[in-house]
Amino acid sequence: MSSTELPFVPPANVLPKVGTVRVAEGERLRSVELPGVTLTVRSRPPAREGLPPALFVHGLGGSSQNWSALMMLLDGVVDGEALDLPGFGDSPPPDDGNYSVTGHARAVIRYLDASGRGPVHLFGNSLGGAIATRVAAVRPDLVRTLTLVSPALPEIRVQRSAVPTGLLAVPGVALLFTRLTREWTAEQRVRGVMALCYGDPGRVTPEGFRNAVQEMERRLRLPYFWDAMARSARGIVNAYTLGGQQGLWRQAERVLAPTLLVYGGRDQLVGFRMAQKAARAFRDSRLVTLPDAGHVAMMEYPETVALAFRELLEDAGELGAQRARRADRADAGGDAVDEEGTDESMGG
């Protein structure tokens, strides 16, 4: 094998079991087999029946666990599920090895079509933001609202701190990096990731850090870990170069769903200066900027993001409709438990 080739990855049905994935209290994991891909889906039972569905899509190197805090805060508003993208979290690689933005978007669409849950409130962070943008543009029937946290949309002048991540897309760099960092501990790797992704890594609790280290140790035992990272990074770079109707900014302009944009002032991977451009590109958008947040605002400031999403629903008339349905059920002799206080306590 030449130095520019990525290592062979065995088929999903012969991959070794390397340990269990953490499941927070109140969450469930299940595996969903679809044509060409198997996805792990993390869900949190909603506070009551009849809530609209939501789907959360993580970024490069992340997993469905990135959304646990936000999902918990929104379980009285939406029926939430979060995907592990192919090759990430607990999902095996895609059968065709396609880690492009289009390939990931196709997996999301296949899941939504198969589950019949659409239209959903669709969330995306970083790479997941680019994927969600593409899904909303090509399949508007599947998306009620769109919430993007530091979406990986094309930038002409990429931040210097984002260059090492982009270099993973260069053939041979991922293999070289694994050799150069072979002696790094999981703790060292996690501290590096948190320094890059968080505006203030000090906000991470000791328990959160231990959980992240355990997950890093698990992932490093996966034979396809660096392959998935490198090919997905290459997918982002390739998406940045596409023009015409396939260009991500052009697709952003086609999105019909009400859109919430969340940008962090200390983001080292997606330029804060892109916030205003995104607000202009998405036709029905509202922008929330968090000066102290980094790249993963839904993990650093989940309460603020939850409040902004509730305000998006309020503006779109969704929360008012939910209250009306609950009132109708109460008048009909159904569940008369007053949930109004829950909405108001979160600013809905």
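Colleague: What is a cavity here, and what makes a residue part of its lining?
Modeller: A cavity is a set of grid points where a 1.4 Å probe fits but cannot get out, and lining residues have an atom within 4 Å of such a point. Keep in mind that this is a predicted model.

Colleague: Fine. How many cavities of 30 Å³ or more does the count give?
Modeller: There are two. The second largest cavity has a volume of about 30 Å³.

Colleague: Which residues line the second largest cavity?
Modeller: Its lining consists of G87, F88 and G89, together with R219, L222, Y224 and F225. Sorted by class, that lining has four nonpolar residues, two polar and one charged.

Colleague: Changing topic. In what order do the strands of the eight-stranded sheet come?
Modeller: The order is β1-β2-β4-β3-β5-β6-β7-β8, in an open sheet with mixed pairing.

Colleague: Take β3 and β5. Do they run parallel or antiparallel, and how many bridges join them?
Modeller: Strand β3 (residues 53–57) and strand β5 (residues 120–125) run parallel, joined by four bridges. Within that pair, L55 stands opposite L122 in β5.

Colleague: Which strands does α2 lie across?
Modeller: Helix α2 (residues 101–115) lies across β1, β2 (37–43), β3, β4 (79–84) and β5, and runs at about 100° to β1. Helix α10 (residues 274–281) also packs on the sheet, where α10 touches β7 (259–264) and β8. The direction of α10 makes about 175° with that of β7.

Colleague: Back to α2. How do α2 and α3 cross?
Modeller: The axes of α2 and helix α3 (residues 127–138) cross at roughly 65° and come within 9 Å. The crossing is right-handed.

Colleague: Which residues meet there?
Modeller: From α2 there are V101, T102, H104, A105, V108 and I109, and they meet L127, A130, I131, R134, V135 and V138 in α3. The residues of this contact divide into nine nonpolar, two polar and one charged.

Colleague: Last topic, the backbone. Is the peptide bond from G118 to P119 cis or trans?
Modeller: That bond is cis, with omega near 0°. P119 sits in the loop between α2 and β5.

Colleague: And what is phi of S126, and where is that residue?
Modeller: S126 has phi near 60°, which is positive in a residue other than glycine. S126 belongs to the loop between β5 and α3.

Notes. Residues are numbered from 1 along each chain as its sequence is written. This is a predicted model: local features need pLDDT of at least 70, side-chain atom pairs count only at pLDDT 80 or more; totals for chains, interfaces and linings use all residues. Side-chain values use heavy atoms; hydrogens and water are left out. On a 1 Å grid over the protein atoms alone, a cavity is a set of points where a 1.4 Å probe fits but cannot get out, and a pocket is an open set with protein on both sides within 12 Å along at least five of seven lines; lining residues have an atom within 4 Å of a point. Grid points are joined across faces, edges and corners, and a volume is the space filled by probe spheres set on the points. Ala, Val, Leu, Ile, Met, Phe, Trp, Tyr, Cys and Pro count as nonpolar, Asp, Glu, Lys and Arg as charged, and the others, Gly among them, as polar. Two strands pair if DSSP finds at least two bridges between them. Helices (H or I, at least four residues) and strands (E, at least two) are DSSP runs, numbered from the N terminus. Contact means heavy atoms within 4.5 Å. Axes are lines fitted to C-alpha atoms, for helices over the stretch in contact, and angles run from 0 to 180 degrees between N-to-C directions. A crossing is left-handed if the near helix is turned anticlockwise from the far one by less than a right angle, and right-handed if clockwise.
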